[in-house]
Amino acid sequence: MAASDRIGVYPGTFDPITNGHLDIIRRASRVVDRLIVAVSTNAGKGPLFSIEERVGLVKEEIKDPQNGLNGGNVQVVPFDNLLIQFAASVKATFIIRGLRAVSDFEYEFQMAGMNARLDPAIETVFLMASERHQFISSRFVKEIGKLGGEISQFVSPRVVQTLKRKFAETQD
């Protein structure tokens, strides 16, 4: 890794990873030399999947050739501290954030401002969700899936099966 490598961090809970997340990962991986998908423990959100399960799912999706990434310049790392601290620890120069709708903007704008105050050397870069992914959220995917709805257009077949197994476990 050269000193001038552009390292980006794409943080999230990824509970579970969706096609929208994969779209941002694919696009972000083209604008940085190395992209670190940072999976947050974020116990406050009460994730369905453990940190190990979420990291594992993201890694599987990244290496799936159908997703067009093949893991080349993308790595997956869990983190449990402040995002700006994590970004600095991996020598990132960018934090990548996906925006789905105007409603995301206010929160993300405030977060970017706080992060800039904490470490002005790390820029926040916003990528707009592709039109077909603008409405996808992990929360909606889980709600629809739990109630038996069709979620295959929002997540990979691997994630569909993993969600079905998880819902079956939690009903026992």
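1. By class, the residues lining the largest pocket are 20 nonpolar, 17 polar and 10 charged. Here Ala, Val, Leu, Ile, Met, Phe, Trp, Tyr, Cys and Pro count as nonpolar, Asp, Glu, Lys and Arg as charged, and the others, Gly among them, as polar.

2. Some ground rules. This is a predicted model, where local features need pLDDT of at least 70 and side-chain atom pairs count only at pLDDT 80 or more, while totals for chains, interfaces and linings use all residues. Residues are numbered from 1 along each chain as its sequence is written, and side-chain values use heavy atoms, with hydrogens and water left out.

3. The largest pocket holds about 1,200 Å³ of space. It is lined by 47 residues, and the closest to its centre are G12, T13, K45, R97 and E108. A pocket is an open set of points on a 1 Å grid over the protein atoms alone, where a 1.4 Å probe fits and protein lies on both sides within 12 Å along at least five of seven lines; lining residues have an atom within 4 Å of a point. The volume is the space filled by probe spheres set on the points, which are joined across faces, edges and corners.

4. Which elements give two or more residues to this lining? They are β1 (7-12), α1 (19-28), α3 (83-89), β4 (94-99), α4 (102-118) and α5 (138-146). α4 gives the most, with 8 residues. Helices (H or I, at least four residues) and strands (E, at least two) are DSSP runs, numbered from the N terminus.

5. Now the sheet. It is open, with 5 strands in the order β3-β2-β1-β4-β5 and parallel pairing. β3 (74-79) and β5 (123-128) are at the edges with a single partner strand each, so one side of each has no neighbour in the sheet. Twist from one strand to the next averages 30 degrees. Two strands pair if DSSP finds at least two bridges between them.

6. β1 pairs with β2 (residues 34-40) in the parallel sense, over 6 bridges. Y10 has V37 of β2 as its bridge partner. α1 packs on the sheet and touches β1, β2, β3, β4 and β5; its direction makes about 120 degrees with that of β5. Axes are lines fitted to C-alpha atoms, for helices over the stretch in contact, and angles run from 0 to 180 degrees between N-to-C directions. Contact means heavy atoms within 4.5 Å.

7. Is A87 buried or exposed? A87, in helix α3, is buried at 0% relative accessibility. Buried means under 20% relative accessible area, exposed over 50%, partly exposed in between (1.4 Å probe, protein chains only). Leaving out residues up to four places away in sequence, A87 touches V9, A92, I95 and I122. In β2, 6 of the 7 residues are buried.

8. N19 belongs to helix α1. N19 is buried, at 18% relative accessible area. Beyond four places in sequence, its contacts are H133, I136, Q153, F154, V155 and S156.

9. T93 lies in the loop between α3 and β4. T93 is partly exposed, at 29%. Setting aside residues up to four places away in sequence, T93 touches R6, I7, A121, I122 and E123.
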